[in-house]
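Welcome to a short tour of a protein model. Take a moment with the sequence and the 3D view below, and then we can walk through some features together.

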Amino acid sequence: MTEMVRKITLSRAVRIMQNLFPEEYNFYPRSWILPDEFQLFVAQVRMVKDGDPSWKPTFIVKPDSGCQGDGIYLIKDPSDIRLAGTLQSRPAVVQEYICKPLLIDKLKFDIRLYVLLKSLEPLEIYIAKDGLSRFCTEPYQEPHPRNLHHIFMHLTNYSLNIHSGNFVHSDSTSTGSKRTFSSILCRLSSKGVDIKKVWSDIISLVIKTVIALTPELRVFYQSDIPAGRPGPTCFQILGFDILLMKNLKPILLEVNANPSMRIEHEQELSPGVFENVPSLVDEEVKVAVIRDTLRLMDPFKKKRENHFPDIYMDRKHRFPPVSDRMSSLKLQLSKLSIVRSQQLGKPLASKEEPPDSDLASASAGGASPEGHLPSICLKQVFPKYAKQFNYLRLVDRMANLFIRFLGIKGTMKLGPTGFRTFIRNCKLSSGSLSMAAVDILYIDITRRWNSMTVVHQDSEIGPGLPWWHSG
């Protein structure tokens with residue numbers, strides 16, 4: 001997963017879907033991969049400018065391995081000297097910069113939404129009903145050569161803006177430099193914005209992005225996880241970074257495989273002396289995501305009324321100090337480990353707990369094992385809305401064929417035995433095609449493929465291609 005959501009890999013995966021379904025995948029900015037596509041980037045920018053002299057674009061350069069805003073900068077033209085340095089140092093993605101974002105209090109902001117990918121087969125996606133809104137700390141102006149270096153104006157990364165003198169830590173979820181997304185929606189609703197439409201567009205963006213990522217994920221998953229294991233063997237919490245444009249259209253900025261789950265921030269008490277201070281906004285959103293992920297992924301579904309920390313019960317009460325929480329949590333975890341050890345060896349529940357609304361309603365009642373917990377915050381969006389998006393799973397179906405006919409057994413390379421399996425499963429053999437002939441055919445195909453990759457080693461066609469290009 002970490003590899004799949006790196007900036008270059010994500011751009012490639014989305015681009016494949018943009019080529020197949022351009023209107024459905026218009027939520028991702030035009031992107032080029034550097035240094036491989038530098039000449040293409042230069043040529044396309046020149047072509048558009050020649051056709052429309054009034055076009056004054058800005059581009060944002062993001063190092064492939066960068067995080068927390070490290071190494072990101074803005075340019076106005078491919079001839080920018082900083083770009084030459086990037087081409088020589090490390091791979092990156094250059095994207096068209098969104099110049100007209102939605103502003104709140106004259107500030108640019110983005111949205112961090114938490115998405116639980118519960119299972120690949122079948123595909124199950126949950127979205128947290130609330131997220132974080134992270135604000136810039138300098139009033140926004142459209143980019144021009146004199147303000148391109150103003151990172152506190154253009155970049156919403158919390159890890160950057162926390163160092164600004166204008167950063168505001170707030171005890172409220174609706175003020176300050178980090179707020180809940182629900183507070184932003186409430187504010188927009190008061191101005192007549194159709195909040196249901198905004199959420200619908202965001203859900204659509206998330207589902208389509210996951211659909212773009214899952215084909216290759218499933219192939220690697222199949223090669224690494226032994227077949228026949230009962231139930232999901234792993235899950236992932238993803239952090240989706242989304243920007244709302246002025247017209248309220250959501251734009252995907254990036255996806256994080258390991259989003260921060262910290263619920264404190266450092267506060268300087270005196271020069272060089274820092275203290276960890278709980279953050280109300282982070283607690284409100286992140287604790288619910290972790291709690292409900294565990295509730296959804298728990299394979300035992302047993303009664304544990306007395307084994308959940310009291311700190312999870314009622315969000316109206318503030319959390320105790322960090323030290324008290326940690327000691328309490330350690331005690332509860334030790335109790336849980338005893339319960340879990342007693343349950344080992346028992347068969348899994350035959351009937352899965354109802355997702356989303358069913359679980360939420362069950363949790364609200366006193367008869368439920370989880371009756372004292374808040375209603376679940378993770379909303380199932382797939383397969384709940386599968387009918388609307390199944391037609392987009394074309395590459396996913398190609399992955400199914402790849403797995404089915406090539407019989408992946410822990411390797412991504414198709415050897416002679418795998419080729420024989422492919423021939424048999426596809427029923428391509430006949431009386432006139434012996435296994436010896438199949439082996440000769442494999443040798444011939446391999447020789448032809450190797451010679452082709454040598455010819456095209458400097459282009460996109462070659463050994464580094466995704467599996468679906470090499471059929």
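At 1.5 Å a residue, what span should the residues of α7 cover, and how far apart are its end C-alpha atoms? Please keep in mind that this is a predicted model. With 30 residues, α7 should span 44 Å, and its end C-alpha atoms are 42 Å apart, which agrees.

**Helix α7 and the core**

Helix α7 covers residues 195-224. At threonine 214 the helix bends by about 40°, and proline 215 follows within four residues of that point. Is α7 largely enclosed by the rest of the structure or open? Of its 30 residues, 22 are buried, so α7 is largely enclosed by the rest of the structure.

Now look at the largest nonpolar core, which has 56 residues. Helix α7 gives the most to this core, with 13 residues. Among the residues with the most contacts inside the core are Tyr25, Phe181, Trp199 and Phe240. In soluble globular proteins, nonpolar side chains tend to be buried together.

**An open sheet with helices across it**

Next comes an open sheet of four strands, in the order β1-β4-β2-β3, with antiparallel pairing. Its edge strands are β1 and β3 (73-75), each of which pairs on one side only. From one strand to the next, the twist averages 25°. Strand β2 (residues 59-63) and strand β4 (residues 92-96) are joined by five bridges. Follow isoleucine 60 across to β4, and you reach its bridge partner, glutamine 95.

Helix α1 (residues 7-20) lies across β1, β2 and β4, running at about 135° to β1. Helix α2 also lies across β1, β2 and β4, and runs at about 145° to β1.

**A buried aspartate**

Strand β10 holds aspartate 241. Is aspartate 241 buried or exposed? Its relative accessible area is 6%, so aspartate 241 counts as buried. Its contacts, not counting residues up to four places away in sequence, include Asp110, Arg112, Arg134, Leu253 and Asn256. Threonine 156 is 85 residues away along the chain, yet the C-alpha atoms of aspartate 241 and threonine 156 are separated by 9.9 Å.

**Backbone details in the loops**

| Residues joined | Omega |
|---|---|
| leucine 34 and proline 35 | about 5° |
| glutamate 121 and proline 122 | about 0° |

Proline 35 is found in the loop between β1 (31-34) and α2 (38-51), while proline 122 lies in the loop between β6 (107-119) and β7 (124-128).

Aspartate 105 has a phi of about 55° and sits in the loop between β5 (103-104) and β6. With 41% relative accessibility, aspartate 105 counts as partly exposed. Leucine 248 has a phi of about 75° and lies in the loop between β10 (236-244) and β11 (250-256). Leucine 248 is buried, with a relative accessible area of 18%.

Key:
Residues are numbered from 1 along each chain as its sequence is written. This is a predicted model: local features need pLDDT of at least 70, side-chain atom pairs count only at pLDDT 80 or more; totals for chains, interfaces and linings use all residues. Side-chain values use heavy atoms; hydrogens and water are left out. Helices (H or I, at least four residues) and strands (E, at least two) are DSSP runs, numbered from the N terminus. Buried means under 20% relative accessible area, exposed over 50%, partly exposed in between (1.4 Å probe, protein chains only). Two strands pair if DSSP finds at least two bridges between them. Axes are lines fitted to C-alpha atoms, for helices over the stretch in contact, and angles run from 0 to 180 degrees between N-to-C directions. Contact means heavy atoms within 4.5 Å. A nonpolar core is a set of buried Ala, Val, Leu, Ile, Met, Phe, Trp, Tyr and Cys residues joined through side-chain atoms within 4.5 Å. The expected span of a helix is 1.5 Å times one less than its number of residues. The bend at a residue is the angle between axes fitted to the seven residues ending there and the seven starting there.
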